[in-house]
Amino acid sequence: MSAEPSRMRFRTRAVHAGQDPDPGTGDTIPPIHLSTTYTQHGVGRHQGFEYSRTANPTRAALEELIAALEGAERGLAFASGMAATHAVFSLLPAGSHLILSGDVYGGTYRLVTQDMVRRGVAFTLADSSNPEAVGALVSESTRMLFLETPTNPLLKIADIAALKRAVGERVLVVVDNTFATPYFQRPLDLGADIVVHSSTKYLAGHSDVVGGLVATSDDDSYQSLKFIQNAAGAVPSPFDCYLTIRGIKTLALRMEAHEANARVVADFLAAQDCVLAVYHPSHVAGNDAVLVSRQMSGSSGIVSFRIRGGEAAAHAFLENLRLFSLAESLGGVESLACLPAAMTHACFEPELRSRLGITPDLVRLSVGIEDETDLLEDVRQALARAGDGATSL
Ligand SMILES: Cc1ncc(COP(=O)(O)O)c(C=O)c1O
């Protein structure tokens, strides 16, 4: 390509960024570089690659790609979303303070409460939907605010720009952008300092590769993260990088399809007597609706809902699904369903879980890209079986 992908529109960048034809062979698709080491012309004279933990050409292509999609100067790839989050938390020195949005993925909460605390990092759980209250938590030692928006599993929306203003320049704002993806939301444009992803989800998109990505334009953070990536070595394999690059090429098409199906499923659920509440960015009102349209260009394929009849009804619904798989994870082309209280968020203390609204009757759906009629039919029959006359259809 002669044109520079970073200047192009999203869909073009998703297909081309970081993927110039191989200068040696002309490969149009970045090869899977399996070599762990690189032959040097003389001591210290090489083509930018010495040892594959430090840098690998397939990984470099993926890192350039995520940076281009998030509008960042630099990107970094890790072996999982949690490895990426762990690297970001390692920016916090002992004695520092982290503000953690309460409504985050259970594994992130577990990492903070069971590992970061042991390393001398203090944390405060915050309600990220209230920027003023978050700002009031900032102290001399506060170094980072970590949040998700939309959140997992309740799809709450946080105002990234207002949060950055509230915590100030000195505090790094880190956004886990896994649910929205850069196709629908670009946190760095809104003032965030670092974006993290579980690329296991929408970015790779086919439930066949675990990975994590970081994007930032803050050079100090990048240098420290790059150091940790090499020093700790939680890097993805070249094959995993290839799969993620391949998945990202169709991100825009998939996100449109996920969103369209999720809206239909959310609307259907909202019309059922047996559904107590529906959580999806298309089902928020008032200021949150204004925020969604200002901050996001679309929503997500995740829909959560509370079913009448409590935990037993939730189990019955999940166990009667035929097309949706009862499984952890999300963001793949196939539809999945789970019970966050017992699965993805089981590591929260029960009292905190219920305070956050992650109740035993809360079901999370990752709506795939199958035909919407088949998806609706599956949800309808599972609801009907979950409780006599549960569906009004
Ligand atoms: C929002 C979010 N962030 C991070 C993670 C962790 O990612 P991984 O499973 O790739 O380590 C998950 C996993 O479900 C997630 O949902």
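Thr108 is found in helix H4; helices (H or I, at least four residues) and strands (E, at least two) are DSSP runs, numbered from the N terminus. The model is predicted, so local features need pLDDT of at least 70 and side-chain atom pairs count only at pLDDT 80 or more, while totals for chains, interfaces and linings use all residues. Residues are numbered from 1 along each chain as its sequence is written, and side-chain values use heavy atoms, with hydrogens and water left out.

Thr108 has a relative accessibility of 1% and so counts as buried (under 20% relative accessible area, with exposed over 50% and partly exposed in between; 1.4 Å probe, protein chains only). Leaving aside residues up to four places away in sequence, Thr108 touches Met82, Thr85, Phe89, Leu100 and Phe146, where contact means heavy atoms within 4.5 Å.

Rings of Phe, Tyr and Trp (its six-membered ring) pair if their centres lie within 6.5 Å; planes under 30 degrees apart count as stacked, over 60 as edge-to-face and the rest as tilted. By this rule there are seven aromatic pairs. In one of them, the ring centres of Tyr109 and Phe348 are 4.3 Å apart and the planes are at 10 degrees, so the pair is stacked. Tyr109 lies in helix H4 (residues 106–116) and Phe348 in the loop between strand S11 (336–338) and helix H13 (350–356), so the pair ties together parts that are 239 residues apart in sequence. Tyr109 is buried at 4% relative accessible area, and Phe348 is buried at 2%. Elsewhere, Phe10, Tyr183 and Phe184 form one aromatic cluster.

Next comes the ligand. Among the residues around the ligand are Ser80, Gly81, Met82, Tyr105, Glu148 and Asp176, each with a heavy atom within 4 Å of it. Polar contacts here are pairs of N or O atoms within 3.5 Å. A polar backbone atom of Gly81 is 2.9 Å from an oxygen atom of the ligand, and a polar backbone atom of Met82 is likewise 2.9 Å from a ligand oxygen. An N or O atom in the side chain of Asp176 is 2.6 Å from a ligand nitrogen. The ligand taken alone exposes 390 Å², and the protein buries 90% of that (Shrake-Rupley method, 1.4 Å probe).

Five of its six residues are buried, so S9 is largely enclosed by the rest of the structure. Strands pair if DSSP finds at least two bridges between them. S9 pairs with strand S8 (residues 275–279) in the antiparallel sense over four bridges, and Ile307 in S9 is the bridge partner of Val275. Strand S12 (residues 362–366) runs antiparallel to S9 and is joined to S9 by five bridges, with Ile302 opposite Ser366 in S12.

Key. Polar contact = N/O pair within 3.5 Å; in protein donor to acceptor, adjacent residues only side chain to side chain.
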